[in-house]
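Hello,

After it you will find some notes on what turned up in it.

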Amino acid sequence: MEEKKERKEISLREVAHMLFARRTTFMKVWLTVGILSVVWILPQPRYYKSSVSLAPEEAGSNLGGVASLASTMGINLGGGNDAIYPQLYPELFESPEFLVGLFPITVTTSDGSCRNMAYATYMREHQQKNWLLYPMKQGVKAFASLFVRKKKQQQAATARPNPFRLSEADYDLMNIIRRKVSCAVDQRTDVITISVKDQDPLVSALLTDSVRTHLQEYIIRYRTSKARLDVEHYEDLVKRSREEYEKAVARYSRFCDANQEVVLQTYISQRDQLENEMQIKYNTYAATQTQLEATKAKLQEKTPSFTVLKSATVPHNAAGPKRMLFVLSMLLLATFVTVMVVLRRFLTQQLRVYGKAKKE
C-alpha cells in the first residue's frame with residue numbers, strides 16, 4: 001500500500017496578503033516608534049571626534065630588517081626587552097594611573113565659555129546631558145541611597161587624586177573618561193591611533209594632542225627609568241668627587257703658601273703627599289665625569305621617539321549620534337517584531353500541519 005504524504009508549503013503570496021491586510025497595524029507601529037525614537041534621540045548631545053596617528057621608533061632595537069620582514073607577513077616579534085610595547089598601549093589606557101593623569105590637563109572650549117580649565121572640572125560642570133534621563137537617574141540615586149550609606153569625602157580641588165584610592169566622584173569620572181579616550185594599534189605596522197570624543201570640537205582636539213603628549217612622556221619615563229637612575233647616581237658621584245677635589249686643592253694651596261721657602265725634607269714630603277692626594281682626587285673626578293657623559297649618552301640612546309603621521313585637528317562635523325540612522329534602525333527593528341507577531345499564529349498553524357503530515 002502506498003502512503004501519500006502531502007506537504008503543505010508556505011505560500012509567500014499568502015504571507016504577503018496577510019501582511020498587507022494588517023497595513024493599518026504597521027502604520028500605527030511605525031508612527032509610534034518613529035515619534036518615540038525622535039523624542040529619544042533629539043535631546044542626546046552631539047559629540048565630536050578627533051584622532052592622531054603615531055609611529056613609534058624603538059631605540060636600541062637589534063632586530064632590524066628581520067622585524068620589518070616579519071611585519072609584512074603579519075608576524076609581530078614583540079617589543080624586545082620592553083615590558084610595555086605598542087600592542088599593550090590600549091591596556092595602558094585602561095589603567096587608573098594613566099587616566100587620572102589626564103585630570104589636570106587644561107582645556108578651552110570653542111565658544112570661549114571655559115578657558116584654561118582643568119579637564120576634570122570641565123567634565124563635572126560643563127557637560128550637556130539628556131534631560132529625559134535625569135528623572136531616571138534621580139530615581140536610581142534616591143533608591144540606592146536607602147541601602148547605601150553615603151561617605152563624605154572631601155578633596156582639594158587642586159590636588160591630584162590618588163589612583164590607588166579614588167573617591168566615588170573621581171572613580172565615576174575616570175570611567176567616563178575611559179569611554180571617551182581610546183587607543184588602537186595596527187598589529188602589522190605598530191601605528192598607534194589615539195581618538196578622543198567630546199561634546200566640544202576644540203576640547204576634543206586639545207585633549208587628543210594632550211593625550212598623545214601624555215602617552216609619549218609615560219613611555220619615555222618607563223623606558224629611560226634605569227638610565228635616568230644611572231645619570232642621577234653619577235651626577236651625585238661627580239658632585240662629591242668635585243667637592244673632595246676642591247678641598248684637596250685648598251689644603252695643598254694653603255700648605256704651599258705657608259711653607260714657600262722651607263727646604264726641610266719633612267715639609268717637602270708632606271707637600272708631595274698633599275699633591276698626590278690632590279692628583280688622586282682629580283683623577284677620580286675626571287673618571288666620574290667621563291662616566292656621567294657616557295650615561296647621558298646612553299640615556300639619549302634609550303629615549304624613544306615618536307613620528308606623528310597624522311596630527312590632531314579641530315573637527316567641523318559631529319561624529320554622533322547618528323540620528324537618522326538610529327531612527328531607521330528602530331523602524332526596521334519594529335517592523336521585524338511586528339511581522340513576527342502578525343505571522344506568529346500563521347506560522348504556528350503551518351508548523352502543526354507540517355508535523356502531522358510528517359507523522360502520517
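**Salt bridges and their surroundings**

Aspartate 209 is partly exposed, at 35% relative accessible area, where buried means under 20%, exposed over 50% and partly exposed in between (1.4 Å probe, protein chains only). Before going on, please note that this is a predicted model, in which local features need pLDDT of at least 70 and side-chain atom pairs count only at pLDDT 80 or more, while totals for chains, interfaces and linings use all residues. Residues are numbered from 1 along each chain as its sequence is written, and side-chain values use heavy atoms, with hydrogens and water left out.

The partner of aspartate 209 is arginine 212: their side chains form a salt bridge at 2.8 Å, N to O (a side-chain nitrogen of Lys or Arg within 4 Å of a carboxyl oxygen of Asp or Glu). Arginine 212 is buried, with a value of 15%. Both residues sit in helix H9 (residues 201–223), three residues apart, or about one turn. Helices here are DSSP runs (H or I, at least four residues), numbered from the N terminus.

How many salt bridges does the whole structure hold? The search finds eight.

Another of them joins arginine 124 and aspartate 170, at 2.2 Å from N to O. Because arginine 124 lies in helix H6 (residues 119–125) and aspartate 170 in helix H8 (residues 168–180), this pair ties together parts 46 residues apart in sequence. Arginine 124 is partly exposed at 43%, whereas aspartate 170 is buried at 4%.

Lysine 226 and aspartate 230 also meet in a salt bridge, at 3.1 Å. They are four residues apart in helix H10 (residues 225–258), about one helical turn, and lysine 226 is exposed at 55%.

Best wishes

Notes:
Helix = DSSP H or I, 4+ residues; strand = E, 2+ residues; numbered from the N terminus.
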